[in-house]
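Subject: Structure handover

Hi,

Here is the structure for you to look at. My notes on it follow below.

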Amino acid sequence: MILDLFNLSGKVAVVTGSNTGLGQGICKAFSEAGALVAGVSRRPSSETQDMLGDSFYNIIADLSGLDAVDKIIKQATEKFGRIDILVNNAGLIKRCDSLEFSEEDWDSVMNVNLKTAFFLSQAAARQFVKQGSGGKIINIASMLSFQGGIRVPSYAASKSGIRGITMTLANEWARYGINVNAIAPGYMATNNTEQLRQDGERSADILARIPAGRWGTPDDLAGAAVFLASAASDYVNGFTLAVDGGWLGR
């Protein structure tokens, strides 16, 4: 049956940024599809834990550096015996005119959004190869993987980079049965967009361009995430799927 291809029973997923927003929504979707979820967050993902119960295990880690990478894979495999899915969702954004943008803000965003995402993907892929049963890596990209944005130079660079390494890693790792793809959310009602949503003029401009006429929600990503994590996407490699209410079509 076709719906069986979307079933994640018996799978173990690692999801970064699991305490709020898109990461929490993806954890919930995976759990509902049958997976066990190791959620990674800098602070306890208490709400996600309460929501998902025993199907969720929280790993506390700071993704601003690489010290946590091996710890995350080790703790997830020790808890659940294996991993099958990685979602690089944790992200950081800094807003400032490019003429005034600091090196500190550049590095902090690039470290979390791109550098750690790459090396966590590498660590997960090594575990997948060791297990010999393939795996799924889903990177959370952005509309700014396709566009330049305004006042977010490091974020735009990091998300363009995410799209690039998604294709690169897919090229290298498909032969191991590892699918690497990305989701590019449109304008979502999350912590990262709170400043935009509070700016009445900017928010109105954004909504005027979205054919769906509304900000997205974490639930809007659920189907795409489960698809890319499941056997239904076994022949999808290196693609960035926009979930944007039609933004890129305008």
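Strand E4 (residues 85–88) is covered on both faces. Ile 85 and Val 87 are buried on one side, Leu 86 and Asn 88 on the other. Buried means under 20% relative accessible area, with a 1.4 Å probe and protein chains only. In a regular strand, side chains alternate between the two faces of the sheet. Helices (H or I, at least four residues) and strands (E, at least two) are DSSP runs, numbered from the N terminus.

This is a predicted model: local features need pLDDT of at least 70, side-chain atom pairs count only at pLDDT 80 or more, and totals for chains, interfaces and linings use all residues. Residues are numbered from 1 along each chain as its sequence is written, and side-chain values use heavy atoms, leaving out hydrogens and water.

E4 has these partners. Strand E1 (residues 12–16) pairs with E4 in the parallel sense, over 3 bridges. Pairing takes at least two DSSP bridges between two strands. Val 15 has Val 87 of E4 as its bridge partner. Strand E5 (residues 135–140) also pairs with E4 in the parallel sense, over 4 bridges. There, Asn 88 is bridged to Asn 139 of E5.

Now the whole protein. It has 8 helices and 7 strands. Its radius of gyration, taken over C-alpha atoms, is 17 Å. Buried residues make up 49% of the 250. Of the contacts (heavy atoms within 4.5 Å) with a separation of 6 or more, 68% join residues 24 or more positions apart.

Best wishes

Note on methods. The radius of gyration is taken over C-alpha atoms; the globule rule is 2.2 Å times the number of residues to the power 0.38. Buried means under 20% relative accessible area, exposed over 50%, partly exposed in between (1.4 Å probe, protein chains only).
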